[in-house]
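Dear colleague,

Please find the structure below, handed over for your records.

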Amino acid sequence: MEPQDVQGSTTDPAIVAQWQQLAEEIQHHRQLYYSGNPIIDDATFDQRYQQLLALEQQYPQLAGDDSPTRQVGAIPTASPFANVTHLERMLSLDNVFNIAELSAWLARTPGERYLTELKIDGLSIDLIYEHGTLVRAATRGDGRIGEDVTNNARVIDDIVPKLQPHPDYPIPDLLEVRGEVYIRVDDFPAVNTRRIAEGGAPFANPRNAAAGSLRMKNAESVKHRKLHMICHGIGKIDGYTPASLHDAYAALAAWGLRVSPYTKQVTSAEEVINQVNYFATHRHDADHETDGVVIKIDDRAAQQALGETSRAPRWAIAYKYPPEEVNTTLRDIWVGVGRTGRVTPFAVMEPVTVAGSVVQMATLHNQFEARRKGVLIGDTVTIRKAGEVIPEVLGPLAHSRNGSERQFIFPQLCPECGTRLGPAKAGDVDYRCPNTRYCPGQLQGRISYLASRAAFDIEALGERGSAELIRRGILRDEGDVFDLTEEKLADSVTFTNEQGGLNEQGKKLLKNLAAAKHADLWRILVALSIRHVGPTAARALAEHFASVDDIAQADAATLAAIDGVGPIIGESINQWFTVDWHQEIVRRWREAGVVMERSATADTPENEQILAGLTIVATGSLQEFTRDGVKEAIISRGGKAASSVSKNTTVVVAGDKAGSKLAKAEQLGVPIIDETQFIALLGGDRSVIPDGD
């Protein structure tokens, strides 16, 4: 590739060489991307593209017509599909990466109305309808010429073969529709599992899977790829002239085509920025992957007046969020043992920054996951860290393998204690260590759990301190916890000072333990680490039974009949109390002074059933409450703390960065209150709940 206008100029040869290397690299990676086989992540591509753009802005003579900054999509290559010419060019979009850049674009591109659209990470498609009948579907290609994929498009449910008549929107004689083909995030694992079972290389992510699927030779095989399509624009149109893109979307929907439910018409730059900020925390509400928001001038006449560059319209821009998907090297796969004995593999990766933090570990869930995803040790893999979700390996870039990769072999022995592993019962996908009492990994997990806020809330007994007490033999199992004394702690480093006496953490630990002896009954049940018994089930049990002994003596059927418990939890509780060393823990805690009975309810406003009959959902971050704290505040006052919004929800408490639950509440017309109103509600003021729609 040669910069067209450089010949005869005084540009430094080193600068020309830098431009040429960047341009060829970008062209290469763009070709791989559009074929569904990228070997670098989007963030790395964007970074290199911006470097090329900056170089051309500094040295304008470099930017000839063959520059990747002047081109759209990928140059058509040898393909089993025929090349077709689009009726109107399919352009790309320019990008901005922060609010300052977006504000500058809005300032130089004023409009009376804008559309904000959630960007769809898939493969662009161009549909041609003549007199309402689909006659052609094509990929974008280089924007002028694409590949004819009509047969494959016909098996996608969202692409209707005939437009539906509508009284308000006459079907045009000719209609060119632009859309995006994608695979739903929830469907992607099943698509990859089927592909691997058929002997194919796994896809790294849903976008690659969609690109590969649309180019399959056999349309019948495309059906199994679970493809979907959303319209995001129009090209040439005869017989109907929408005044705005908003009107065009309404017409497309009326004709039976699918448009995005996340598109919003706004009337100011401030509202545009509000939408961008909103989707920064709500982007995962959609069923498709996305990396940004597209902003468009809504008025079609204004669009035509603004025109376009060689590759992008001047009336639209894409705001791109920091990447949540990146590629890195999978160095190894290790396994860890949890408090219930479950052995979980996790990926150990070359450290990489994703979603604002450095990631080195990612979950693989169970012993079959690496095989299901087709991941080999040594692979370049795509990982995702969506919001606060634990990082997850999506899949490998299988086409980049060099032969040095190797299969992960799940260990037969526990990595913590050497006991042979196996499923707890036939059909379980999870392998467990049966050395429940003495396995250091399980014991560490149980000690950390009983010290957590969900149980005894022993703040001073942190992970480091509990690990040392286990290692030194001071804690043989959780039965020893309430027997800790100043003398026993003297052998630890974590809880003592240089003189051998207790340090501040050691003193705090003994105070925490003294307070924990008078914890609520439900907290004791959580602290016992009975499988499946979390705070919700524990509260239900504590409301029904007066003591731990009563629960221990109840049969499985009685336990299962309790609302909030059920047969699985009931059986688990019943089996737990049949184990000798479990009974010993209860006995030793009781002997150490732990009150194992339900305390009498004090006649205080906190314990009055002032929220009786109310179903409350809390979402987002609250200033005065932890996640467990807000549930406790609701339940202790007789209310029901629900985890999802439905038509039966009484009120939603919305904190900062409230998520999809807030959107669901707005959709259903469920009343919404803020934290200040919630505090008033806890005090008995039900008038703060507005009337529902």
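Which residues does Lys-517 touch, not counting residues up to four places away in sequence? Please note that the model is a predicted one. In this model, Lys-517 contacts Phe-482 together with Ala-592, Gly-593, Val-594 and Val-595. The lysine lies in the loop that joins helix H15 (504-516) to helix H16 (521-527). Lys-517 counts as partly exposed because its relative accessible area is 21%, and buried would mean under 20%. Between Lys-517 and Trp-589 there are 8.4 Å in space, C-alpha to C-alpha, although the two are 72 residues apart in sequence.

The aromatic residues may also be of interest to you. The structure contains 12 aromatic pairs. One of them is formed by Tyr-319 and Tyr-321, an edge-to-face pair at 5.5 Å centre to centre, with 65° between the planes. Both Tyr-319 and Tyr-321 are buried.

Trp-589 forms an aromatic pair with Phe-456, also edge-to-face, with 5.4 Å centre to centre and 70° between the planes. This pair links distant parts of the chain, 133 residues apart: Phe-456 belongs to the loop between helix H12 (440-450) and helix H13 (463-471), whereas Trp-589 belongs to helix H21 (residues 580-591). Phe-456 and Trp-589 are both buried. Elsewhere, ring pairs join Tyr-169, Tyr-240 and Trp-255 in a cluster.

Arg-195 places its charged end over the ring of Phe-203, 4.2 Å from the ring centre. The charged end of Arg-339 sits over the ring of Tyr-449, at 3.6 Å from its centre.

With kind regards

Terms used
Residues are numbered from 1 along each chain as its sequence is written. This is a predicted model: local features need pLDDT of at least 70, side-chain atom pairs count only at pLDDT 80 or more; totals for chains, interfaces and linings use all residues. Side-chain values use heavy atoms; hydrogens and water are left out. Helices (H or I, at least four residues) and strands (E, at least two) are DSSP runs, numbered from the N terminus. Buried means under 20% relative accessible area, exposed over 50%, partly exposed in between (1.4 Å probe, protein chains only). Contact means heavy atoms within 4.5 Å. Rings of Phe, Tyr and Trp (its six-membered ring) pair if their centres lie within 6.5 Å; planes under 30 degrees apart count as stacked, over 60 as edge-to-face and the rest as tilted. A charge sits over a ring if NZ of Lys or CZ of Arg is within 6 Å of the ring centre and within 35 degrees of the ring normal.
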